[in-house]
Amino acid sequence: QVQLVESGGGLVQPGGSLRLSCAASGNIFSVNAMGWYRQAPGKERELVADITSGGSANYADSVKGRFTISRDNAKNTVYLQMNSLKPEDTAVYYCYGAVVKNRVSIAVGYWGKGTLVTVSS
């Protein structure tokens, strides 16, 4: 059993900051790519940022220069530092991890249940 649990969401004013965390736990040998997606009301889920186990990061154009993704491989945890938040960043943010359960298995994708980020004055 593998679980990804997000934390750190909440209400913040425009221009403010939040830091999201997501910890993977359970039957884990290693975690390959990890990332953050978001889904706003009435819209499809979209990639915000992802990061490889080696630390290479990729960002959506809409968050470049404002958000920073990082990870702690020893803790199987990924973070998303969000600065200069805008109302259009309001969404449920989901954590994703490509989990390898043993030396001979392939990576399988798992999702967290999501954490709500609301940017409003």
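By salt bridge I mean a side-chain nitrogen of Lys or Arg within 4 Å of a carboxyl oxygen of Asp or Glu. With that rule, the count is 4 salt bridges. This is a predicted model, where local features need pLDDT of at least 70, side-chain atom pairs count only at pLDDT 80 or more, and totals for chains, interfaces and linings use all residues. Residues are numbered from 1 along each chain as its sequence is written, and side-chain values use heavy atoms, with hydrogens and water left out.

Start with aspartate 89 and arginine 66, a salt bridge whose closest N and O atoms are 2.7 Å apart. The two residues sit 23 residues apart and link distant parts of the chain: aspartate 89 lies in the loop between strand E8 (77-82) and strand E9 (91-100), arginine 66 in the loop between strand E6 (57-59) and strand E7 (67-72). Strands here are DSSP runs of at least two residues, labelled E and numbered from the N terminus.

Both aspartate 89 and arginine 66 are buried. Buried means under 20% relative accessible area, exposed over 50%, and partly exposed in between, with a 1.4 Å probe and protein chains only.

Shared partners join Arg66 and Asp89 with Arg38 and Glu46 into one network of salt bridges. Within it, arginine 38 and glutamate 46 meet through their side chains at 2.8 Å, N to O. Arginine 38 is buried at 6% relative accessible area, while glutamate 46 is partly exposed at 36%.

Next, aspartate 61 and lysine 64: their salt bridge has its closest N and O atoms 3.1 Å apart. Aspartate 61 is exposed, with a relative accessible area of 65%.

Key
Helices (H or I, at least four residues) and strands (E, at least two) are DSSP runs, numbered from the N terminus.
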